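Here are my notes on the model you sent. Please read them with the viewer open.

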Amino acid sequence: MCGIIGCAGRESETLDVLVHGLSKLEYRGYDSAGVALAGEGLDVCKTAGEIDDLRAALEERSPSGSVGIGHTRWSTHGPPTDENAHPHLDCNREVAVVHNGIIENYQELRDELSTAGHEFRSDTDTEVVPHLIEDELADGADPEDAVRQAIARLDGSYAVSVVMSGVDRIFAARNDSPLVLGIDSDAYYLASDVPAFRDHTDRVVYLDDGEFAVLDADGYRVTTLDGEPVEKTEDTVDWDPEETGKSGYDHFMLKEIHEQPRALRQCFRGRVDELSGTVDLADLGDLSPRGVQLVACGTSYHAAVYAAQLFQQAGIPAQAFLASEYATSPPPIGDALVIGVTQSGETADTLSALREARKRGARTLAVTNTVGSTVARECDHAMYIRAGPEIGVAATKTFSSQIAALNLLALAITSVGDAREVISGLRDLPGAVQEILDTSTAQEIAETYRDAESYFFIGRGLHYPVALEGALKMKEITYKHAEGFAAGELKHGPLALVTSDTPVFAVVTGDDEMATKTVGNVKEVEARDAPVVAVTDGASDVERYADHVLEVPDTHRRVAAVVANVQLQLVAYHTADMLGRSIDKPRNLAKSVTVE
Amino acid sequence: MSVSTAVVLAAGEGTRLRPLTRNRPKPMLPAANRPILEHVFDALVDAGMDELVCVVGYKHDRVQDHFGPSYRDVPVQYVRQHKQLGSGHALLQARAAVDGPPLVVNGDRLIESSMVEAVAEGFERHDPSAALAVMEHPDAGQYGAVVLENDELTEIIEKPTTGEYRLINAGIYAFDASIFDEIADTPRSAGELALTDTIARLAEREQVRGVRCEGMWVDATYPWDLLTVARTVLARGKVDVTEREEGVWIHDEARVHDAATLRPPVVVGPDSEIGPGAVVGPDAALGYNVTVGANVTVERTVLDADARVDAGSVLVDTVTGQDVDVGAGSVVPGGQADVRVGNEVFEDQRLGAVLADRVTAEGDVSFDPGTLVGPSAHLHTGAHARGQIPDGAEVMR
């Protein structure tokens, strides 16, 4: 899990391009960073810490070179130290390598190289690569062949990029980790993700697994690892680089919470017709599945839990799985459609689960925010949630948009006839979310409970995933203990944790049997002196048992989960803000986790 | 020196437009199917400005959320005015965000790009300390009046009480970068710093150039003015969606039933839906995601984003806020009325009703002409609404 950038053809601007690119990739990791510039020589600067620490280190020296690579790291092998920061070098300090992914056979390669006399300076898996290249060069291979042969020895997932002293080219290869080329008239880029070079060009070429690329100031060439030429098509990215600015907000997270009405409209655009009560997802073709298995991680998993209930209510057997579990112990699939939900489209656990499903002959569908992502290219079908770029590590608008998109999908593939009422509910959603943004008292709630030791969240049915998601947001950005429970499960154990210092957020909307039962659970915690914050539309009598109320508008029961969740996003945000947390870049976390 | 950075003053609420400004500032109110401020940004971008600095204050998030970090590929930077202490004070907040001479406009009035170009050009050619757009206006007394001698400003006076003035300050300025020091040196009047006070001081010592302009210049002072604004925008075709036939603009992602009638001029925004038998227009503007049910009549009316009008309702001379829900069979017949705003009564205004954000009328609700309904008010089935209905009120039959 890391970010890679490379550039050829920018001459004296190379260093600036690399550092700027890294700053745009910080969401992928931010515990150490470094750059290597090559031309006549090889110049490397790397350090533990964020990009600003790298900038400070670069103040003292300014490496130069006609080509260069850079890296921002999220630790997998070895702690974040200067030594473990990328780029990694060979014994002669002539080959520099940056890498994203995990090399599974690194221990055996390292043993072999150590025995042969190579000296290792870091704890990383990556460092075997420059030493392998060093050996190939010593055996007389030319630089390109040396890199190819070294990479051919790697097992596992990687996006690798290499520069060498005296060589004004960049070599790159990909397997299971994202890598994209940026094409300009007189300069060429490579990166883990488009924002890294989007300020310079909108023309991109996505590399596929098993491909190898060479870039220099005059152009680029893509081949297989064995050297067979590959015909690549160029794409144009249509989003705006300024989208990655904060538009006047202190944090991307708050900006993205506020973008939800617009993101939801974009998700529905051209896909729903309330007049005829139909949903148009024609580009997905005829899916009509007998069953559905959803695989996802983190916030996306909570959207998957929600969606599984939608499918079940429509009479389709459906289940949500944590992708990391599914990948290693998959259930019988039968003729179920396997749906992977991932914002980035690069989540390694989700990709791995989908690959496992495909290996077993299943049809797969990606629900993702990222056009051109690995998941979109690997699955049989892709549905985009159209939320726009999300930079804050804690997912907010993409959760709402995932739920919106999964609602459309459920309507489209279950075809229960007239869906007018649900579509009307969905179309009311942007206005309902705006109402919360205009009126929320979440900041006061956050102020009241900022010093609590734990936070609990309860909900039933479609509100159960909201409880899980409310707790996850709280954990991620406040670093406080938080748990979400199915409301009925509380009394089977977790109730023992409830004290007067553990606020319980109860999500209750409507006034049906489910609401009545949740209100019963609220009474259980109220009787234990726990402060209760009810997130409610006021239809039930939950307010009588609550210390505080976060109001949500009266909406269709299918979409109440989205509006309730927005309140919980705001509570987590304001709590973290008051506690002075690093909201957009919480400790130990990264935006898209491309390692398993 | 060339002028390429525009500062847009968009921090004020616009209190006389209440109750429509409960959740957003005046620049975000609709001019036909999109916010006034979007028209202002268009004029600036069309005039070649390559950087926008937007001063925000009251309900600033609504401006930031709408435009985000850029508009039509031009970067937008936001600066906060925490207390609304006058237009000069607002401009001062932008000091750190601007280098070079700023072009300055009010964010709450519709202007044309030709005026922006004229002011920038007048400033660049004659190199004065300041240049401002002036135009002839029959109601100079309502605005800031100016007097010119040989295109040089000799007098600027806010809302003069005598009737001899014919030229007004159109609120489009270009300043030398020293303007920020000039504002800081201007004494406050009643705690506020008005930009016109600084300009008046400047005109005593230095050259302040008046640039005569003409073209569309529309201001909304009271809620019903939004109907005039919409009519002007439609008449001039300042609409950003596809024109299907003359005077009928329908966004590509809007859905209009074959059996609905659109009478020009009319604009239907993205994601909106119009049901069978509905008659929409003339002078009707539907924003984002508006739903008009079967057999609804909408005439001389502005329906803002997320509004929903159910079957058989009639809306004439009506302005809605966002997310308004009008139940089936409700009627705003329109017409003239005396409307009270604060302590003032405006006689014979043509106004059906103003429904602020998130008003719900359950169904079969009738509205007397001139009714102002506050945000989130709830009108129950069969209710009869008249006069002023406060925020969040429940009105029973």
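1. Basis. This is a predicted model; local features need pLDDT of at least 70, side-chain atom pairs count only at pLDDT 80 or more, and totals for chains, interfaces and linings use all residues. Residues are numbered from 1 along each chain as its sequence is written, with chains lettered from A and ligands numbered from 1 in written order.

2. Chain B overall. Chain B holds seven helices and 40 strands (DSSP runs numbered from the N terminus: H or I of at least four residues, E of at least two).

3. Sheet. An open sheet of eight strands in chain B runs 17-20-23-26-29-34-37-40, with parallel pairing (at least two DSSP bridges between two strands). Strand 37 (residues 378-379) of chain B joins strand 40 of chain B in parallel over two bridges. There, B:His378 has B:Glu394 as its bridge partner.

4. Cores. A nonpolar core links buried Ala, Val, Leu, Ile, Met, Phe, Trp, Tyr and Cys through C-beta atoms within 7 Å; buried means 20 or more other C-beta atoms within 10 Å, with C-beta atoms placed from the backbone. The largest core has 206 residues, and A:Leu294 and A:Ala506 have the most contacts inside it. Helix 17 (residues 560-578) of chain A gives the largest share, twelve residues. A second, separate core of 139 residues includes B:Val40 and B:Tyr288.

Notes:
A residue is buried if 20 or more other C-beta atoms lie within 10 Å of its own, exposed if 12 or fewer, and partly exposed in between; C-beta atoms are placed from the backbone.
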